[in-house]
Amino acid sequence: MSTSLFGKRVLLGISAGIAAYKSAHLARLLKKTGCEVRVVLTEGAQAFITPLTLQALTGEPVRTSLLDPEAEAGMGHIELAKWADVVLIAPATADLMARLAHGHADDLLTTLCLATEARCIMAPAMNQAMWRHPATLANAERLESFGWTLLGPDAGDQACGDVGPGRMLEPEDIHARLAATLASLSKPLSHVDRGRSSVARESIDNRDLAGKRVVITAGPTREALDPVRYLSNHSSGKMGYALAAACAARGARVTLVSGPVSLETPAAVERIDVVSAEEMLDAVESALPCDCFIGCAAVADYRSAEVSPQKLKKGNDDADLTLRLTRNPDIVATVAARADRPFTVGFAAETQSLEAHAADKLARKRLDMIVANDVTLAGAGFGSDDNAVTLFWPGEAATQRESLSLQSKQALAEILVDRIAARLA
Ligand code: PMT
């Protein structure tokens, strides 16, 4: 059982999306982990799911209206707003996000959100074009700057037949990320704390990346030779995942484009799984524009020129097999070459002439910063829990540098994010 959720009072808000039917399962999961759950449905949500279903699952009356004398006599809306440890809205429609981003209080759910000092979390759900619309993205950023945590949305097939970002995360995923988000917080932090003053904010935690969008690649890519074999490398994803966790903890909206690894998705991070370099580039481009791109993945420079549809067979003789390789796209250089380029950070994995090779990649790929690892150093680089790196960035006269000694990838990620945040400000 998740200890970060046990005993928590969760106000579950449900708005008018087709994903509302999944909220019944979410309510059940929350109850099973020991949460007290009170549900508020918007008017439109009742077209998708009934109050009776949620009442049966939570064992509590479900609220639907602000102006309901009977319900208000039981627990007034301000009392309900104070009762909650966490407000979780799933699904959160584009319309609800817009109203919350602009401080509306024209129904029970928006009023509660304005009145509560609880941690506020939402799982957006809408059509992909609606999610990609600059108005929705601006509302998402505005909500994050008020202290909201956004979980997802996921990408994939949509109920309307479209494919793309906008699907609500699955209830299990929302539940796990909610638990991880609460576990990572020493103290609930709400938009009320955040809006008061920057001094108060810093004393609670460091959210200097609130409102920033960060895209990070992590892990290896796999380049298929045939249905059972591939070219790859030893990247575990630990360095990239540590960076994603550090950026998200500081309030950034993080998309982590990950090669095949066996790591948990960090709290409040949107993760897109890919296999090959070409898939990684597509996923990165779908997540742009952003304020900062960090290319931490160990992307295969080459892929097989032909992928055999059948398993490659040994010949009867002892002859060698020659593979013809073709160049993969350079993801970090593609991002840095865009007209709307973000602050672009690359990594360099080197086995010799660290400084010369890193400086060459910094200039050739037009990066704003490069983080170079000597991957021959014992206990650092690929697969290890620790790393030691040297940062290089363009200076007025010459390349500037800073060396960071061997330490955990988490500690290193914190310092790297400090250096990046100082340049994004
Ligand atoms: O995953 P871990 O086990 O924690 O290990 C971390 C790490 C060693 C993989 C990481 O710290 C690291 O160094 N990542 C970059 C590895 C790498 O591919 O280096 P490179 O020198 O080949 O590439 C330079 C830069 O170009 C990198 O930012 C890379 O992501 C990018 N690149 C490379 C090739 C390509 N086709 N597209 C790219 O974007």
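Tutor: In this predicted model, 13 residues of domain 1 are in contact with nine residues of domain 2, where contact means heavy atoms within 4.5 Å.

Student: Where do domain 1 and domain 2 lie in the chain?
Tutor: Domain 1 covers 9-201, and domain 2 covers 213-309 + 322-424. These bounds come from an automatic or database domain assignment, and residues are numbered from 1 along each chain as its sequence is written.

Student: How much area is buried between domain 1 and domain 2?
Tutor: About 940 Å² is buried there, and carbon and sulfur atoms give 47% of that area. Buried area is the accessible area (1.4 Å probe) that two parts lose on being put together, summed over both. In domain 1, the residues losing the most area to domain 2 are E141, E144 and R177, together 42% of what that side buries.

Student: How many salt bridges are there between domain 1 and domain 2?
Tutor: The count is one salt bridge, meaning a side-chain nitrogen of Lys or Arg within 4 Å of a carboxyl oxygen of Asp or Glu.

Student: What is the average pLDDT of the protein chain?
Tutor: The average is 90, and 94% of the residues score at least 70; pLDDT is the predictor's confidence in each residue, from 0 to 100. Over residues 193-204, however, the pLDDT is below 50. Where pLDDT is low, the predicted coordinates should not be read in detail.

Definitions and conventions
This is a predicted model: local features need pLDDT of at least 70, side-chain atom pairs count only at pLDDT 80 or more; totals for chains, interfaces and linings use all residues. Side-chain values use heavy atoms; hydrogens and water are left out.
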